[in-house]
Amino acid sequence: MSTPRFYCLEPLVIGSRYVLPDAAARHASRALRLRVGDDLVLFDGAGGEYVARIAVLDRDQVSVDVMEWCDVECEAPIEVTLVQALQAGEKMDMTVQKAVELGARRIVPVTSQRSTVRLAGERAVRRVEHWRGVAIAACEQCGRNRVPEVSALQSLEQWLGKSPNSGVLRLMLVPGSEQTLASIAPPAPGGKVDVLIGAEGGLAPDEVERAELAGFVSIRLGPRILRTETAGLAVLAAMQCLWGDFRGMDHV
């Protein structure tokens with residue numbers, strides 16, 4: 001069993017005693033059944049991770065001694081923003097979780113014309129907070145020490161209206177496109193990539209036109225039409241194979 005990992009909101013200091021957040025404490029004591037003297041790993045999102053040891057444990061509170069900082073990172077060499085149109089049911093949870101595992105640095109949920117889910121007001125705020133929790137849990141599981149940003153929900157039109165940072169490669173999956181990932185110029189080392197994925201039914205024609213005006217290039221991944229919950233994850237994995245850390249250490 002690998003050493004359990006927990007995200008901490010507060011900055012961590014070697015030699016200090018730290019009380020785990022309530023949810024992490026319950027998970028450590030009840031689900032993982034950790035005991036006093038067991039080691040775990042903490043990270044605060046600022047980079048690296050800390051080795052800690054459980055000093056006090058009861059049903060409601062777990063205190064740990066922060067012992068050592070380790071310069072460990074597993075961020076991808078390309079900085080990918082996944083712009084994902086809202087998906088129905090639990091698909092969005094899975095997309096956020098797997099996008100974090102596949103190295104996305106930022107996830108932007110957007111409403112599009114073909115989105116079957118409509119969120120607004122307090123309900124939208126709660127869902128975004130939920131997705132941020134999903135991203136944190138995914139980091140705890142996969143070994144990332146920097147939690148990707150999950151942006152506030154906005155319309156695709158609003159997001160496309162913002163000026164992109166210079167030098168960003170912008171891609172969107174559109175069935176029937178002539179270009180593929182292999183046919184376009186790759187980003188520079190350490191470069192940034194925006195990936196736009198439509199909802200069920202894909203992007204509407206006028207959304208494709210607006211995205212093209214915003215600098216997006218249409219690509220396809222193959223001859224098959226992918227579901228929205230498959231498309232973003234497939235393109236993330238493909239980019240990691242072509243340009244990222246799936247190539248192996250000799251190429252990074």
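The model is predicted: local features need pLDDT of at least 70, side-chain atom pairs count only at pLDDT 80 or more, and totals for chains, interfaces and linings use all residues. Residues are numbered from 1 along each chain as its sequence is written, and side-chain values use heavy atoms, with hydrogens and water left out. The protein has six helices and 12 strands. Helices (H or I, at least four residues) and strands (E, at least two) are DSSP runs, numbered from the N terminus. The radius of gyration is 20 Å, close to the 18 Å that the globule rule gives for 252 residues, so the protein is as compact as a globular protein of that length. That radius is taken over C-alpha atoms, and the globule rule is 2.2 Å times the number of residues to the power 0.38.

**Overall build**

- The C-alpha trace spans about 60 × 45 × 30 Å along its principal axes.
- Of the 252 residues, 45% are buried. Buried means under 20% relative accessible area, exposed over 50%, and partly exposed in between (1.4 Å probe, protein chains only).
- Among contacts with a separation of 6 or more, 72% are between residues 24 or more positions apart. A contact means heavy atoms within 4.5 Å.

**Paired strands**

- Two strands pair if DSSP finds at least two bridges between them.
- Strand β3 (residues 39-43) pairs with β4 in the antiparallel sense, over four bridges. Aspartate 39 has arginine 53 in β4 as its bridge partner.
- β3 and β4 form a hairpin with five residues between them. Glycine 45, in the turn, has a positive phi of about 90°.
- Strand β4 (residues 49-57) also pairs with β5, antiparallel, over eight bridges. Tyrosine 50 has tryptophan 69 in β5 as its bridge partner.
- Four residues link β4 to β5 in a hairpin.
- Strand β2 (residues 17-19) runs antiparallel to β5, joined by three bridges. Here arginine 17 stands opposite aspartate 65 in β5.
- In a regular strand the side chains alternate between the two faces of the sheet.

**Aspartate 71**

- Aspartate 71 lies in the loop between β5 (62-70) and β6 (79-85).
- Aspartate 71 is exposed, with a relative accessible area of 62%.
- Aspartate 71 and glutamate 49 are 22 residues apart along the chain. Their C-alpha atoms are separated by 6.7 Å.
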